[in-house]
Amino acid sequence: MSLTLLLLTTLLFQFKAAEGVEFDNNQFLIYNKVYHEARLTLFQDKSVGSYEHGLYKDQLWTLKPHPRQKGCYYLVNEEHPQYRLADSKHTLIAYSGHRYADQLFKLVDNNDGYYYIYNCYHTNDRIAKWGHENHKTGMYGKDKYPDQLWRLVPRFKANFFTDLVFHFDNRQGSTDIKREISVTTGVKRSSTETIRSKTTYSQSIEASLSGAIKMFNFGVTSKTEFSVELENSFSKTTESAWSKTEKITFTIPAGKNFKVMQHVVKFDGEFSADSCTLLTAIKIFESDTAEFDDPDKFIISSAGQ
């Protein structure tokens, strides 16, 4: 593959991955279009506004779908999970009491990567930001302006690839060779920082995986493999049990070129301490030459094939 083609397929993969977003039970940082660094925020005094500086979990919102009103969501704050956004008499607030219809919002795609966020009860009201100051954020129900458009950035972005676990070229050898190799499966985090809510963390990863899988031509076996391994990892009560490492003895036959490959999904978090990796199935490849056949298409390329 030429360098130009490789760059094009990588760009295509990144573009398609950006499109593959699952809303239900996923978490997002919500950026304004005009004030492009401003993110929707629930402050310590429980007022709703926006913030343009450091990233904090009070800027992270879970989209919880209503069980009957299709396309309508509760926007629940990660740092203060008892609070949901509400359009109370055309004023944007956070509310922790009973659920009412004015706490439901829907996303209307503007077909440019941004969305209007409409209230499902006050159907003309949209979330807007009309100035640089944090408090200049609220509901607006008249003419449309660009400062009513918002970009939803998922907590995680999923990237698929196939990793080389082990390779040994024994084509010049006259005897079999044994090698003991450590193989890890499950979810491995890149940080030891405590996860505030394992429920929202796992739901966001599952939503990220689901959205990304929809964009690519994975076979049924691969889709099931990723989903089952992720579900199995998160079913463990302790984070240390999310992954396991075992030693496997491989036999490299005489006269064979031998390698072991593994499916990997890397979840890049908007918060660096969130990032993790899902390691799933392994497969042995043997060849009489420098090249390896892949009839089952186990190896995932940058285009997700």
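Modeller: A residue counts as buried under 20% relative accessible area, exposed over 50% and partly exposed in between, using a 1.4 Å probe and protein chains only. This is a predicted model with residues numbered from 1 along each chain as its sequence is written, in which local features need pLDDT of at least 70, side-chain atom pairs count only at pLDDT 80 or more, and totals for chains, interfaces and linings use all residues. Side-chain values use heavy atoms, with hydrogens and water left out.

Biologist: Let me start with lysine 33. How does lysine 33 count by relative accessibility?

Modeller: Lysine 33 has 31% relative accessibility and so counts as partly exposed.

Biologist: Which side chain meets that of lysine 33 in a salt bridge?

Modeller: A salt bridge here is a side-chain nitrogen of Lys or Arg within 4 Å of a carboxyl oxygen of Asp or Glu. Lysine 33 makes one with aspartate 112, at 2.8 Å from N to O. The two residues come from distant parts of the chain, 79 residues apart: lysine 33 is in the loop between strand S1 (27–32) and strand S2 (39–42), and aspartate 112 is in the loop between strand S8 (104–109) and S9. Helices (H or I, at least four residues) and strands (E, at least two) are DSSP runs, numbered from the N terminus. Aspartate 112 is partly exposed, at 33% relative accessible area.

Biologist: How many salt bridges does the structure hold?

Modeller: There are 10 salt bridges. One of them joins the side chains of arginine 189 and glutamate 239, with N to O at 2.9 Å. This pair also links distant parts of the chain: arginine 189 belongs to strand S14 (residues 177–189), while glutamate 239, 50 residues apart from it, lies in the loop between helix H3 (220–234) and strand S15 (243–252).

Biologist: Is arginine 189 buried or exposed?

Modeller: Arginine 189 is buried, with 15% relative accessibility. Another salt bridge pairs aspartate 268 with lysine 266, whose closest N and O atoms are 2.6 Å apart. Aspartate 268 is partly exposed at 26%, and lysine 266 is partly exposed at 35%. Elsewhere, salt bridges that share partners join Lys57, Arg155 and Asp274 into one network.

Biologist: Where else does the charged end of lysine 57 sit?

Modeller: Over an aromatic ring. The rule asks that NZ of Lys or CZ of Arg be within 6 Å of the ring centre and within 35 degrees of the ring normal. Lysine 57 has its charged end over the ring of phenylalanine 271, at 4.9 Å from the centre. Likewise, the charged end of lysine 129 sits over the ring of tyrosine 35, 5.5 Å from its centre.

Biologist: Now the cysteines. How many disulfides does a search of the whole structure find?

Modeller: A disulfide is a covalent bond between the sulfur atoms of two cysteines. The test is a pair of cysteine sulfur atoms within 2.5 Å. The search finds one. It joins cysteine 72 to cysteine 120, S to S 2.3 Å. Cysteine 72 lies in the loop between strand S4 (60–65) and strand S5 (73–77), and cysteine 120 in the loop between strand S9 (115–119) and strand S10 (126–129), so the bond ties together parts that are 48 residues apart in sequence.

Biologist: Why is the disulfide called left-handed?

Modeller: Because the torsion about the S-S bond of cysteine 72 and cysteine 120 is about -110 degrees. Cysteine 72 is buried, at 8%, and cysteine 120 is buried, at 17%. Cysteine 276 is also buried, at 3%.

Biologist: In what sense do S6 and strand S7 pair?

Modeller: Two strands pair if DSSP finds at least two bridges between them. S6 and S7 (residues 91–95) are antiparallel, over five bridges. S6 (residues 84–88) is mostly covered, with four of its five residues buried.

Biologist: How many aromatic pairs are there?

Modeller: Rings of Phe, Tyr and Trp (its six-membered ring) pair if their centres lie within 6.5 Å; planes under 30 degrees apart count as stacked, over 60 as edge-to-face and the rest as tilted. The count is 14. Among them, phenylalanine 23 and phenylalanine 28 have ring centres 5.7 Å apart and planes at 55 degrees, so the pair is tilted. Phenylalanine 23 is partly exposed at 21%, whereas phenylalanine 28 is buried at 0%. Tyrosine 95 and tyrosine 100 are also tilted, with centres 6.2 Å apart and planes at 50 degrees. Ring pairs also link Phe156, Tyr201, Phe234 and Trp242 into a cluster.
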